[in-house]
Amino acid sequence: MRLAAIDYVSCSNRIDNIGSKVILPDEWTNINTHHSFIPPVFIVNLQVPSQFPTSLFTEINDGPGWSLVYYFVMTNDTADSLIDLTTTSPGIRLFASYCQSAPENSESKQWKGRFKTITRCDNIDEFGLPSFITSYNGKPVLIRNTGTLIRGDNNKYIEMDINIHKFSTVPKKGLQMLISQFERMDITMGFCIESQCDDEMPETLIGCGTMRRPQFTIASDWSHLSNQIV
């Protein structure tokens, strides 16, 4: 899929299912994928905290922060290759199976924890960061208990919400150290479905994109779309 757009917005609380709260252009959603269960748009919504626990024993699952949203749109070549799933590549066939079954069965053993993110700071050597951070640069991460997969109305999109507020203490500590440097960083992110057998290899990216020195301090405020805390 091709990267069509990125939103980077601030919010008072998490924004879940952001695809239902924005207008997706017709030229994205009208693409024929040749299968009713495969959407033309795939959204990845990373919910990034701006506040962090002061204690190892404090758990925060929501709060102020940002949504970093990647919108991927089906390419014509991929749509054509989906016409016959028996002859298409293993990566595309795995993506089709994921779209068909995972949103409604995301807690099943077959699909739980198979969504993978790869994050790389392309200029990380400029910042003098400790090795416990740099050693993870470009390493894949499986999203297990912090991801929520959503199928949009009329199957116009599938969205993966990744709640970084719920990450464990060590990665959040690393993120806390990095936030002040974001405006100087070139950050590339890619997303794929984990292959678990030879028939699913090689792993194939759903899509990827690079942000160059994101100005998160001037991000548009979308708090009116935030989840309501009762």
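Helices (H or I, at least four residues) and strands (E, at least two) are DSSP runs, numbered from the N terminus. By that rule, Asp-7 lies in strand S1 (residues 2-11). The structure is a predicted model, in which local features need pLDDT of at least 70, side-chain atom pairs count only at pLDDT 80 or more, and totals for chains, interfaces and linings use all residues. Residues are numbered from 1 along each chain as its sequence is written, and side-chain values use heavy atoms, with hydrogens and water left out.

- Asp-7 has a relative accessible area of 22%, so it is partly exposed; buried means under 20%, exposed over 50%, and partly exposed in between (1.4 Å probe, protein chains only).
- Leaving aside neighbours within four places in sequence, Asp-7 is in contact (heavy atoms within 4.5 Å) with Ser-67, Leu-68, Val-69, Tyr-71 and Trp-222.
- The side chains of Asp-7 and Tyr-71 are joined by a polar contact of 2.7 Å.
- A polar contact is a pair of N or O atoms within 3.5 Å; within protein, one must be able to donate a hydrogen and the other to accept it, and residues adjacent in sequence count only if both atoms are side-chain atoms.
- From C-alpha to C-alpha, Asp-7 and Ser-220 are 9.2 Å apart in space, while 213 residues apart in sequence.

**Nonpolar cores**

- A nonpolar core is a set of buried Ala, Val, Leu, Ile, Met, Phe, Trp, Tyr and Cys residues joined through side-chain atoms within 4.5 Å.
- The largest nonpolar core has 49 residues, and those touching the most other members are Phe-42, Val-44, Leu-46, Tyr-70, Tyr-98, Phe-115 and Phe-182.
- Elements giving two or more residues to this core include strand S2 (41-49), strand S3 (65-73), helix H3 (90-101), strand S4 (115-121) and helix H5 (169-179).
- H3 provides the largest share of this core, six residues.
- A second, separate core of 14 residues includes Ile-18, Leu-24, Ile-43 and Trp-222.
- Beyond neighbours within four places in sequence, the contacts of Phe-115 include Phe-42, Val-44, Tyr-98, Val-141 and Ile-206.

**Aromatic pairs**

- Ten aromatic pairs are found in a search of the whole structure.
- Rings of Phe, Tyr and Trp (its six-membered ring) pair if their centres lie within 6.5 Å; planes under 30 degrees apart count as stacked, over 60 as edge-to-face and the rest as tilted.
- The pair of Trp-66 and Phe-216 is edge-to-face because the ring centres are 4.9 Å apart and the planes are at 85°.
- This pair links distant parts of the chain, 150 residues apart: Trp-66 is in strand S3, and Phe-216 is in the loop between S9 and strand S10 (220-221).
- Both Trp-66 and Phe-216 are buried.
- Phe-182 and Phe-216 also form an edge-to-face pair, 6.2 Å centre to centre with 85° between the planes.
- Phe-182, in the loop between H5 and S8, is 34 residues apart from Phe-216.
- Phe-182 counts as buried because its relative accessibility is 11%.
- Ring pairs also link Phe-42, Tyr-70, Phe-72, Phe-95, Phe-115 and Phe-191 into a cluster.

**The largest pocket**

- On a 1 Å grid over the protein atoms alone, a pocket is an open set of points where a 1.4 Å probe fits, with protein on both sides within 12 Å along at least five of seven lines; lining residues have an atom within 4 Å of a point.
- The largest pocket holds about 1000 Å³ of space, a volume being the space filled by probe spheres set on the grid points, which are joined across faces, edges and corners.
- Its lining has 35 residues, with Thr-119, Val-141, Phe-167, Pro-171 and Leu-175 nearest the centre.
- H5 supplies the largest share of this lining, six residues.

**Backbone and a buried arginine**

- Most residues other than glycine have a negative phi, and most peptide bonds are trans.
- The peptide bond from Met-201 to Pro-202 is cis, with omega near 0°, and Pro-202 is in the loop between S8 and S9.
- Asn-154 has a positive phi, near 60°, and is exposed because its relative accessible area is 72%.
- Arg-213 also has a positive phi, of about 55°, and is found in the loop between S9 and S10.
- Arg-114, in the loop between H3 and S4, has a relative accessibility of 3% and so counts as buried.
- Not counting residues up to four places away in sequence, Arg-114 touches residues including Leu-94, Glu-194 and Glu-200.
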